[in-house]
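Work through these exercises with the model open. Each task is followed by a solution in steps.

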Amino acid sequence: MTFETWNDLFVGMIVSMLLLNVVQWSIYRERIYGLYTLYMLVWLVFFGARIPVIDTQLSVPVTLFIKACVPSIGYFIYFDFADAFIQVRRRLPRLFRLFQTAKTLIVGYLIIQFWALFVSTVWQPGRFNGVHTGMRVLLAVLAIYGIINLFRLRTTATRYFVTGSSFLVVGGLASMVLTFMYPVTPDEAPFWHAPLCWFQLGILGELLCFGLGLNYRQRQAAVTSALIAQELEQERQNRHREQLESRLAVQQLQQEMLEVQMRALQAHLNPHFLFNSLNSLSSLIAEAPAQAEAFVDELASVYRYILQTNAQELTALDNELQFMDSYYHLLQTRYTQGIQLQMHIDDHYRHYLIPPLTLQLLVENAVKHNAILADAPLVIGIYTNPQAQLVVQNTLQRRHVKVLSNGVGLSNILVKYQMLGQPVPVIEEANGQFVVTLPLIEPPAQ
């Protein structure tokens, strides 16, 4: 088989690989397949048109420039392909900078060749061959240096690329050596006697390795995608399980809230408070019937509010304040001038939320543990501050006789705030005052 026949076979193999890669490029739409296609197209044009067009039908300067230009374009694309294939820019930045320098050198080389072949009158084919050979040797040295650095990465994709590049370097060097040994190849000589044949064999080995590397890279990408999909599915299942656990926790929380509310209701419906209210009502019926009627109305309002809000987790501060008006009326009827209630509420916070019956618990706690006298009234203050907090305070004038207490009132408030996921109220004594600071809960946006 002569070299011409071998060249046609070589071109046919390149065309087959090129068409296959074009199909892959159209499927995956990745830049690396585009670079690989351009790289094969360069060699296809170079060797497909070389015999007989370039060597027989073109002028010497044009022939020489094509011999210099087309392979240089291939090497230029090769550097970009290497970066896309192995991520040289990220993994070997020093080698990437060397590649960029080589690309600049190639552009300068082509400019000099164009000037020498088409502008200058002193350029000769012998000088062209010397400079061209020097450029090829320089690129071969750069390729060997790159192969050594890339081999250190020791990854499967890198090994495909290094093996393919090694084929190209060995084929190119063998072609150069044989060109000096056998400048002229007889037309009837076997194809392996032609120096260019070894360069073509190196290109075939390179392209095959690059194609296998791309297939391996695509398989790895598919495996990675499958693993990511599996992880996402696992994450979705975990989230679903967490949601179920959260729903169970919410149900348990609601059950506990109902239990706490039931205990709170039992505490609010304190028999002592009810008996004291009825005693007060009995006295008023005989002495002040009109006042007794008003007392009954306020007492009904108090217990109606208690029953209505028992099933609610939160209520508006304004509702609590209206309830406190009725509750304070009962207390004032019983203790007359011995108790005073002072409220200073910013209208901005009236629509904020708190657990229901919180104010009643705090006021009842103050009444239970402090002496209430006309000449030393118990002063209870309820006001808001700029930190969106409700402050309930009372003067400390503890009873001489210790009052038995089960601590239900304050503990209920603390438990409710904890179950709602809100900051815990602050309880303190300072400057003769018992102070409870409650965080107000901003209502959700409508």
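Contact means heavy atoms within 4.5 Å. The model is predicted: local features need pLDDT of at least 70, side-chain atom pairs count only at pLDDT 80 or more, and totals for chains, interfaces and linings use all residues. Residues are numbered from 1 along each chain as its sequence is written, and side-chain values use heavy atoms, with hydrogens and water left out.

**Exercise 1.** Find the residues in contact with Phe161, leaving aside its neighbours within four places in sequence.

Solution. 

**Exercise 2.** Describe the largest nonpolar core.

Solution. 
- The largest one has 65 residues, and Phe47 and Phe161 have the most contacts inside it.
- Among the elements that give two or more residues are helix 1 (3-28), helix 3 (60-86) and helix 8 (195-268); a helix is a DSSP run of H or I, at least four residues.
- Helix 3 gives the most, 14 residues.
- A second, separate core of 43 residues includes Tyr335, Ile339, Val367 and Leu378.

**Exercise 3.** Which class of residue dominates the lining of the largest cavity?

Solution. 
- By class, the lining has 16 nonpolar, 3 polar and 1 charged residues.
- Helix 6 gives the most to this lining, with 8 residues.- Here a cavity is a set of 1 Å grid points where a 1.4 Å probe fits but cannot get out, and lining residues have an atom within 4 Å of a point.

Definitions and conventions
Core = buried A, V, L, I, M, F, W, Y, C linked by side-chain atoms within 4.5 Å. Buried < 20%, exposed > 50% of the residue type's maximum accessible area, 1.4 Å probe, protein only. Nonpolar A, V, L, I, M, F, W, Y, C, P; charged D, E, K, R; others polar.
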